[in-house]
Amino acid sequence: MTLREVKDLLQADVLTGQDLLDLEPSSFCGSDLLSDVLAFTKEKTLLLSGLTNSQVIRTAEMSDLIGIVFVRGKKPDSATVELAAIKKIPLLATRLPMFEACGRLYQKGARGCSEIK
Amino acid sequence: MSGEQPFIEIKRSIAGGDFAIAGNISSETKTILQQTGLPPVFIRRVVIACYEAEMNVVIHAYRGTFTTQIYSDRILVVVDDEGPGIPDVSLAFQEGYSTAPPHIREMGFGAGYGLSNMKKCSNQIAVDTRVGEGTRVTMVFYLNSSP
């Protein structure tokens, strides 16, 4: 599943990384705990989160995440979007709450970090 | 450790409580490691541990220094801070144990995985701490050895 398909499934806006939508996450994670993301995700994971501070971008950068989807209508400030643009981390934003966003993706075959090798 | 010199040394100051620039040192470290052509999987575990250590100083201490030395077979990271110190180091290594205040938890940190994750990512970790004075965390990452 590409980021473009994720965007369509979640009716999401692209905040940055329009040119990176052909990337394909190898796993998916929904979390508002950056400590968990740092400790338990794998590289090329797509993170769904309600957190919008700049440390989410830093966490994605260090963990080699493939991108971030902000859920329940939340959007980061312009400096945070700019940081993601510099680091080439695509950012999507959906109005769906976390559970429904994860559910839609899972239903279409997206799998979590503990389910992949 | 032998008396050999690192071929790259990076030394930076960390400002306690400054979340706007928190993570910048780890980000710079990642860029430098990428330029050296090290494997991405290795870089990932180094910079995750660096970021956890950098955030610990920003969250808990007043100020600190972050030193990274790159050798042919390993990377040595030493993070020194002036801060409250850690009263019980074994407790601090325990997953889920955290003394982070509520505003840190609201940012997504403070789940109590910092030190245990640094241990998981590194090949060796040592924590020297004095309550009321500060903490030194030393981590070694061997290039050809899984943590």
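**View 1. Two paired strands at one end of a sheet in chain B.** Two strands count as paired if DSSP finds at least two bridges between them. In this predicted model, B:Lys11 has B:Thr67 in S2(B) as its bridge partner. As a general point, strands of a sheet pair through backbone hydrogen bonds, either parallel or antiparallel.

**View 2. The whole sheet of chain B.**

**View 3. Chain B from end to end.** Chain B has five helices and five strands, and from the N terminus they come as β-α-α-β-β-α-α-α-β-β. Its radius of gyration is 15 Å, close to the 15 Å that the globule rule gives for 147 residues, so chain B is as compact as a globular protein of that length. The C-alpha trace of chain B spans about 40 × 30 × 25 Å along its principal axes. Of its 147 residues, 37% count as buried. Among contacts in chain B with a separation of 6 or more, 62% join residues 24 or more positions apart.

**View 4. Where chain B meets chain A.** Here 19 residues of chain B are in contact with 17 residues of chain A. Which elements of chain B give two or more residues to this side? They are H1, H2 and helix H5 (114-121) of chain B. H2(B) gives the most, with six residues. Sorted by class, this side of chain B has nine nonpolar, seven polar and three charged residues.

**View 5. Chain A from end to end.** Chain A also gets its own view: five helices and five strands, following the pattern α-β-β-α-β-α-β-α-β-α along the sequence. A compact globule of 117 residues would have a radius of gyration near 13 Å, and the 12 Å of chain A agrees with that. Its C-alpha atoms fill a box of roughly 35 × 30 × 25 Å along the principal axes. Buried residues make up 48% of the 117 residues in chain A.

**View 6. The two sides of a helix in chain A.** Look at helix H4 (residues 78-86) of chain A, whose buried residues are A:Thr80, A:Val81, A:Leu83 and A:Ala84. Seen down the axis of H4(A), these residues fall within an arc of 155°, so they line one face of the helix. What covers them includes strand S1 (13-16), helix H3 (54-62) and strand S5 (91-93) of chain A. On the other side of H4(A), A:Ser78, A:Ala79 and A:Ile86 are exposed. Just after H4(A), A:Lys88 takes a positive phi of about 55°.

Terms used: Residues are numbered from 1 along each chain as its sequence is written. Chains are lettered from A and ligands numbered from 1 in the order in which they are written. This is a predicted model: local features need pLDDT of at least 70, side-chain atom pairs count only at pLDDT 80 or more; totals for chains, interfaces and linings use all residues. Helices (H or I, at least four residues) and strands (E, at least two) are DSSP runs, numbered from the N terminus. The radius of gyration is taken over C-alpha atoms; the globule rule is 2.2 Å times the number of residues to the power 0.38. A residue is buried if 20 or more other C-beta atoms lie within 10 Å of its own, exposed if 12 or fewer, and partly exposed in between; C-beta atoms are placed from the backbone. Two residues are in contact if their C-beta atoms, placed from the backbone, lie within 7 Å. Ala, Val, Leu, Ile, Met, Phe, Trp, Tyr, Cys and Pro count as nonpolar, Asp, Glu, Lys and Arg as charged, and the others, Gly among them, as polar. The arc is that of the directions from the helix axis to the C-beta atoms.
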